[in-house]
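Student: I would like to learn how to read a protein model step by step. Could you take me through one, giving the general idea before each case?

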Amino acid sequence: KQWYQRRVRGMIGIMTDLGKVEATSTFELEAQGDDLESLLFHFLDEWLYAFSVEPFFIPNEINIVEFDEGAGRIRCEGYGEPFSLDKHPQGTEVKAITYSAMQIVKHERGYDLYVIVDI
């Protein structure tokens with residue numbers, strides 16, 4: 001679960017400074033996929049969508065409420081606030097998640113995840 005949370009923070013961190021984001025509200029999100037790669041893709045894509053359209057939500061912390069690898073389902077809560085140019089510096093826009101280059105490699109210590117985003 002931690003690796004999914006870290007990828008969201010990494011992606012959002014490209015778009016703004018997470019150090020300026022306060023946890024003033026909660027945003028719930030759910031994603032589904034056929035395998036770990038598609039689940040990660042849809043999870044990141046849902047967070048990108050939440051940032052890109054109303055309410056322009058920026059999470060600085062994510063709590064995964066449910067992670068069902070067998071069913072290909074993840075539910076989480078993000079704690080943060082809506083993006084505001086008055087408060088949050090504008091970083092580099094992430095346009096999309098690149099599915100074709102995504103990799104999840106399992107090894108004895110856990111997993112390595114590789115994600116490329118289009119900017």
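Predicted model: local features only at pLDDT ≥ 70, side-chain atom pairs only at ≥ 80, totals over all residues.

Student: How many aromatic pairs does the structure hold, and how are the rings of tryptophan 3 and tyrosine 4 placed?

Tutor: There are 10 aromatic pairs in the structure. To describe such a pair, one looks at the distance between the ring centres and at the angle between the planes, where an angle over 60 degrees counts as edge-to-face and one under 30 degrees as stacked. For tryptophan 3 and tyrosine 4 the centres are 5.2 Å apart and the planes stand at 50°, so this pair is tilted. By contrast, phenylalanine 41 and tyrosine 99 form an edge-to-face pair, with 5.2 Å from centre to centre and 85° between the planes. That pair links distant parts of the chain, since phenylalanine 41 lies in helix 2 and tyrosine 99 in strand 4, 58 residues apart.

Student: Which residues do ring pairs link into a cluster?

Tutor: The cluster that ring pairs join together consists of Trp3, Tyr4, Phe43, Phe67 and Tyr111.

Student: Which residues of helix 2 are buried, and what do they pack against?

Tutor: An α-helix has 3.6 residues a turn, so residues three or four places apart point the same way. In helix 2 the buried residues include Leu36, Leu40, Phe43, Leu44, Trp47 and Phe51. The buried residues of this helix pack against helix 1 and against strands 1, 2, 3, 4 and 5.

Student: In what order do the elements run from the N terminus, and how compact is the protein?

Tutor: The order is α-β-α-β-β-β-β. The radius of gyration is 14 Å, close to the 14 Å that the globule rule gives for 119 residues, so the protein is as compact as a globular protein of that length. Buried residues make up 36% of the 119 residues.

Note on methods. Residues numbered from 1 in each chain as written. Heavy atoms only, no water. Buried < 20%, exposed > 50% of the residue type's maximum accessible area, 1.4 Å probe, protein only. Helix = DSSP H or I, 4+ residues; strand = E, 2+ residues; numbered from the N terminus. Contact = heavy atoms within 4.5 Å. Rg over C-alpha atoms; globule rule 2.2 N^0.38 Å. Phe/Tyr/Trp six-rings, centres within 6.5 Å; stacked < 30°, edge-to-face > 60°.
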